[in-house]
Amino acid sequence: MDDSQIIDLFFERSEQAIIELSNKYGKVCSKVSLNILNNKLDAEECINDAYLSVWNNIPPQNPSPLLTYVCRIVRNLSIKKYHKNTAFKRNSYYDIAFEELEDCIPSLNSIDRDYNAKELAKIIDDFLDTLDKDNRVMFVRRYWFSDSLSELSKMFEITEHNASVRLSRIRGRMKKYLIKRGVIL
Amino acid sequence: MKKETFSQAIGLIDTKYINEALMDTKPTKKILFYKKPVGKTIIAAVLCFLILLGLDKFYPFNETTVLAYAYGTNEQISSIGTVLSTGKVNADGSMTGTPLSFYIQGNDISTIRYSVKNQWIDFIDWTQKRDEFGISKNFTVPYGSDESEYYYLVVNWEPNELWEALSTRNISITDLPQKLLEDTVVLEIAYSNGKTETKAIKINLQNNGDFVASFVNYSITEQDDFINRPDAPYIDRNILYKQGSIAEKQKTEKM
């Protein structure tokens, strides 16, 4: 079923919309959530919450593309869940991926002003624009979807080591970019 | 800045990047050099160059390769050395025949300037159309487009000093100075298409009295002073043909 047909079902307030959404994108959503939470039950809970959120927001929203919209909700909910109940256990792909990014995070005492998430997101957007497509997709797959190195290596038809090296270079470039933009002094 | 803010920021990146990562996870295929327009252009240029190079080398009208032949026997003087059968030094020091008379075969030769290092050379044009040169060291022969005439343009190597040493001074071959045992005739060839090349006929007298000649590529160096000598004057045709040659007679009859 086309995204537009699923959205139409949401607009019609048909519960079939959730079933079709789940049939079409359930697997992807599940993967996004599992990468963060590393827990099937928690992931299922997040996905159901996400579906509910979609149900509540469409209408009036009419997102395009639908998958990205749902994934974003799933990710946000999964991260919230992660912070809520996994503060002491750090064993998901999200942990690993996020730890890699720690080097790029501005230190507390090195900046005068506190960037809010939106401002920082805009700068990261600008940085992503400087990357070529392959590197950009790899970055997003790793740090947004929390894909493992093994998954990335299959996706990009390279070795895990190669994926790791490429990500390391991208992070290096991002750090330089953030410094240039005044995020890190 | 809190880690959470950074994590949140990553989560807030533009939808287009997430969409791109969702939809387009296949790696971009590297475009091979020869498939890129610039690669194709470079390859085409190189191929054209190679073709032109090949044409230049093999196309008969652009051919610059010349060959040298011994006049009389028509034996080609090779680059590795050819024993000349037209003349030799006998065991008693006497001489038989003419060691080397040669002619050049080639395409579209404009002129050849001949320069001899140690001995002497002269030039005879059996077609009687060109000026001829008597015993001299350097001269320039016009060849022209009629390649059938090249056979008749004969250069004789005249080792007068060698003969003198062998006959008058009664020296054996083994006692001859190096200068008399070897010689070089340099040919500076100019083609009608403007190209030039330099060849040389190197002549060596063997201990057994045989002369060996080789026809090789040659690079003129600063040491080659003999090249810089001025050309000898040609022989006045009135003197050369004063007794009347066939050509002169025919010319007179026509007049």
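For my labels, helices (H or I, at least four residues) and strands (E, at least two) are DSSP runs, numbered from the N terminus. I note that this is a predicted model, where local features need pLDDT of at least 70, side-chain atom pairs count only at pLDDT 80 or more, and totals for chains, interfaces and linings use all residues. Residues are numbered from 1 along each chain as its sequence is written, chains are lettered from A and ligands numbered from 1 in the order written, and side-chain values use heavy atoms, without hydrogens and water.

**Cavity.** I searched the whole structure and got one cavity of 30 Å³ or more. About 40 Å³ of space lies in the largest cavity. Which element gives the largest share of its lining? That is α5(A), with four residues. I also see α7 (133-143) of chain A and α1 (3-11) of chain B each supplying at least two lining residues. Among the lining residues are A:R75, A:Y94, A:F98, B:S7 and B:I10.

**B:E132.** I found B:E132 in the loop between β6 (120-125) and β7 (133-136) of chain B. Buried or exposed? B:E132 is buried because its relative accessible area is 7%, and buried means under 20%. A polar atom of its side chain lies 3.2 Å from the backbone nitrogen of B:D125. I also checked B:V155, which is 23 residues from B:E132 in sequence and 9.9 Å away in space, C-alpha to C-alpha.

**B:V38.** B:V38 sits in helix α3 (residues 37-58) of chain B. I logged B:V38 as partly exposed, at 49% relative accessible area.

Terms used: Buried means under 20% relative accessible area, exposed over 50%, partly exposed in between (1.4 Å probe, protein chains only). A polar contact is a pair of N or O atoms within 3.5 Å; within protein, one must be able to donate a hydrogen and the other to accept it, and residues adjacent in sequence count only if both atoms are side-chain atoms. On a 1 Å grid over the protein atoms alone, a cavity is a set of points where a 1.4 Å probe fits but cannot get out, and a pocket is an open set with protein on both sides within 12 Å along at least five of seven lines; lining residues have an atom within 4 Å of a point. Grid points are joined across faces, edges and corners, and a volume is the space filled by probe spheres set on the points.
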